[in-house]
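Student: I would like to learn how to read a few features from a set of coordinates. Please take them one at a time.

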Amino acid sequence: GLSAIAFAHVLSLHTALSLLITNQKKINQGEGEQVPIRERGMQHVAQRGWSLVELLTVLAVSAILVMVAVPSLSAAFYELQVRSAAHEFAAWMTLARSEAIKRRQGRVVMCAASSSATCTSGGGWRNGWLLFHDVNGNAQLDGGELVMRSQSGFSQQLLIRGNSHVANYVSYVPSGQTLLVSGAIQVGTFSFCHPRGIQGWQVVLSATGRVRMAKWLPAEGCD
């Protein structure tokens, strides 16, 4: 991961420093690279190299740059992971809407699940979800109802949270809208973040059943 990148930078700096010190020793012994120059009509030899102080200065500056860059790379990596997860989740919801419109009967439900055969009402979306044809419209997977797809979830460190109206399921009707089991319009927001990242993302469900993605900065951290 990122620690390996930092280690590689330090290793390359160490290697470069070793080579430069070796070259400096050769120059001091008369074996280093020599550049002939002419001065006052006589042939002189100029030795080219770096002093130890210059080498240490370069190494110190490089080490500082590595320390500054690694946290930035880490945050960027986790933001990319969060964005990718949110994008995939939005794609699942778009698929559910498309299936509901295509089938023209019953509902198509995407529910939080702990397995590929059971919807859950307490575990949230982190552990996974499934997509099924909800013939009786109760947002629960009953015997004989078709499971179209299932997802085992993302990294356990990645937080996925739906607000109250979408905490456990999203239910699409043939018009493409999302309705609660009660028949009320279902809208809501799914929030994605990582404890070691800074930038989060949200998937926003509208009254038409369509979704959009938006950047999100967790006010109280990601936990």
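The dialogue below goes through a disulfide, nonpolar cores and salt bridges.

Tutor: This is a predicted model, in which local features need pLDDT of at least 70 and side-chain atom pairs count only at pLDDT 80 or more, while totals for chains, interfaces and linings use all residues. Residues are numbered from 1 along each chain as its sequence is written, and side-chain values use heavy atoms, with hydrogens and water left out.

Student: How many disulfides does a search of the whole structure find?

Tutor: A disulfide is a pair of cysteine sulfur atoms within 2.5 Å. The search finds 1: Cys111 and Cys119, with sulfur atoms 2.0 Å apart. The angle about the S-S bond is -75°, and the link is left-handed.

Student: Are Cys111 and Cys119 buried or exposed?

Tutor: Buried means under 20% relative accessible area, exposed over 50%, and partly exposed in between (1.4 Å probe, protein chains only). Both Cys111 and Cys119 are buried.

Student: Which residues have the most contacts inside the largest nonpolar core?

Tutor: In soluble globular proteins, nonpolar side chains tend to be buried together. A nonpolar core is a set of buried Ala, Val, Leu, Ile, Met, Phe, Trp, Tyr and Cys residues joined through side-chain atoms within 4.5 Å. The largest one here has 26 residues, and Phe89, Met93, Met110, Trp125, Trp129, Phe190 and Phe192 have the most contacts inside it. Helix α2 gives the most to this core, with 9 residues; helices (H or I, at least four residues) and strands (E, at least two) are DSSP runs, numbered from the N terminus. Apart from this core lies another, of 10 residues, among them Cys119 and Leu130.

Student: What is Trp129 in contact with, leaving aside neighbours within four places in sequence?

Tutor: Contact means heavy atoms within 4.5 Å. The partners of Trp129 include Phe89, Met110, Cys111 and Gln151. Gln151 is found in strand β5 (residues 147-151) and counts as buried because its relative accessibility is 19%.

Student: How many salt bridges does the structure hold?

Tutor: A salt bridge is a side-chain nitrogen of Lys or Arg within 4 Å of a carboxyl oxygen of Asp or Glu. The structure holds 2. Glu99 pairs with Lys102, the closest N and O atoms being 3.2 Å apart, and with Arg103 at 3.3 Å, N to O.

Student: Why does Lys102 count as exposed?

Tutor: Lys102 counts as exposed because its relative accessibility is 57%. Arg103, at 29%, is partly exposed, whereas Glu99, at 13%, is buried.
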